[in-house]
Amino acid sequence: MAHDYLTLALTTALGLAIGSFLNVLIHRLPIMIEQSWQAPGTPTEPAMDLAFPSSHCPICRHPIAWYDNLPLLGFVLLRGRCRHCHSRISWQYPLIELLTAALFVWSLLTHTDMGAALAWAGFAAALLALAVIDARTTWLPDTITQPLTWGGLIAAAMGWTGVPLHTALAGAVAGYLSLWTVYWGFRLLTGKEGMGYGDFKLLAALGAWFGWPSLLAIVLIASVSALLVAVVMMWRKQLAENRQIPFGPFLALAGAWLLFLGPPRLLMV
């Protein structure tokens, strides 16, 4: 479907804005979770949410003016440095914004229905946030995985994913129960936890978006890619002492594989 330049420009701007929000989410959500775990009266940093305190430099703590906080443009104009203390700004910020904008434009160009385009763009943005958060903290927050599951079921009901609702529902249930079974089997045999509950919920979300026939492909792609990365990390002596790595980024990678390339036919149930 052809799109005019204005639609593409607006989609790019929306993607950049969502990418800027993802940067806030990636940084602040783990802090908010940690603060929620603390007992009342425990000395801590001021309470944080997604809106407060306002954006500020993590080095000098100076508030960031709105014109310096414009997605991508602010980074370019500042040449990647804080206006006040001149410390370097992490490349994560423009990269997340650019990648999110690219995902939104790709979704627009590959879906004729605007509802489907926005649904898959939102799906991809959520996967990106989950992958980065899990890689940094080993957490997959319920505040993202659970809405992602419901989003997949709603998108199926609306006909945006091409997956029948009963297949999406079966995918969510089977996705959760499959890793839950592996978790408890491993725990009973070894006395150790091989993965977290967040992994179950993320696979449930992927099952809701792609349907139960895609679960085998998702699990195998994620497992093989995680194994390859673990072997490389062991060879470079970068693997943690517990020899565990977050599985969420690899589930997200498998979801991206299916989104862009489709499932390998040999791995479809």
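Modeller: A residue is called buried when its relative accessible area is under 20%, exposed when it is over 50%, and partly exposed in between, with a 1.4 Å probe and protein chains only. The areas come from the Shrake-Rupley method with a 1.4 Å probe, and for residues only the protein chains shown count as cover. The model is predicted, so local features need pLDDT of at least 70 and side-chain atom pairs count only at pLDDT 80 or more, while totals for chains, interfaces and linings use all residues. Residues are numbered from 1 along each chain as its sequence is written, and side-chain values use heavy atoms, with hydrogens and water left out.

The structure holds two salt bridges, a salt bridge being a side-chain nitrogen of Lys or Arg within 4 Å of a carboxyl oxygen of Asp or Glu. Side chains of opposite charge can pair when their charged atoms come close. In one of the bridges Arg 83 pairs with Asp 68, and their closest N and O atoms are 2.7 Å apart. The two residues are 15 residues apart and link distant parts of the chain: Arg 83 is in the loop between α2 and α3, Asp 68 in the loop between α1 and α2. Helices here are DSSP runs of H or I with at least four residues, strands are runs of E with at least two, and both are numbered from the N terminus. Arg 83 counts as partly exposed because its relative accessibility is 44%. Asp 68, at 12%, counts as buried.

The other bridge joins the side chains of Asp 142 and Lys 201, at 2.9 Å from N to O. Here the partners are 59 residues apart, Asp 142 in helix α5 and Lys 201 in helix α7, so this pair too links distant parts of the chain. Asp 142 is partly exposed, at a relative accessible area of 33%.

The loop between α1 (5-37) and α2 (73-77) holds Leu 70, which is partly exposed at 32%. Leu 70 also belongs to a nonpolar surface patch with Trp 66, Tyr 67, Leu 73 and Leu 77; together they have about 570 Å² of accessible area. A patch is built from residues with over 30% relative accessible area and no salt bridge, nonpolar side chains (Val, Leu, Ile, Met, Phe, Trp, Tyr) being joined within 5 Å and like charges within 9 Å. Leu 72 is in the loop between α1 and α2 as well; its phi is near 65°, a positive value in a residue other than glycine. At 22%, Leu 72 counts as partly exposed. Pro 53 is in that loop too, and the peptide bond that reaches it from Phe 52 is cis, with omega near -10°. In the loop between α2 and α3 lies His 86, which is not a glycine but has a positive phi of about 65°.

Nonpolar side chains tend to be buried together in soluble globular proteins. A nonpolar core is a set of buried Ala, Val, Leu, Ile, Met, Phe, Trp, Tyr and Cys residues joined through side-chain atoms within 4.5 Å. The largest has 48 residues, of which Phe 123, Leu 148, Leu 206, Phe 210 and Leu 251 touch the most other members. At least two residues each come from α1, α3 (92-110), α4 (114-137), α5 (142-157), α6, α7, α8 and α9. The most, 14 residues, come from α4. A second, separate core has six residues, among them Ala 156, Val 163, Ala 168 and Ala 172.

Within helix α5, which holds Asp 142, there is also Ala 155, buried at 2%. Neighbours within four places in sequence aside, Ala 155 contacts Ala 119, Trp 160, Thr 161 and Trp 209, where contact means heavy atoms within 4.5 Å. Its C-alpha is 9.4 Å from that of Ala 168, 13 residues away along the chain.

Helices α5 and α7 are among those covering the buried residues of α6, including Ala 168, Ala 172 and Leu 179. Helix α7 (197-210), with α6 (165-190) and α9 (248-261), is also part of what covers the buried residues of α8.
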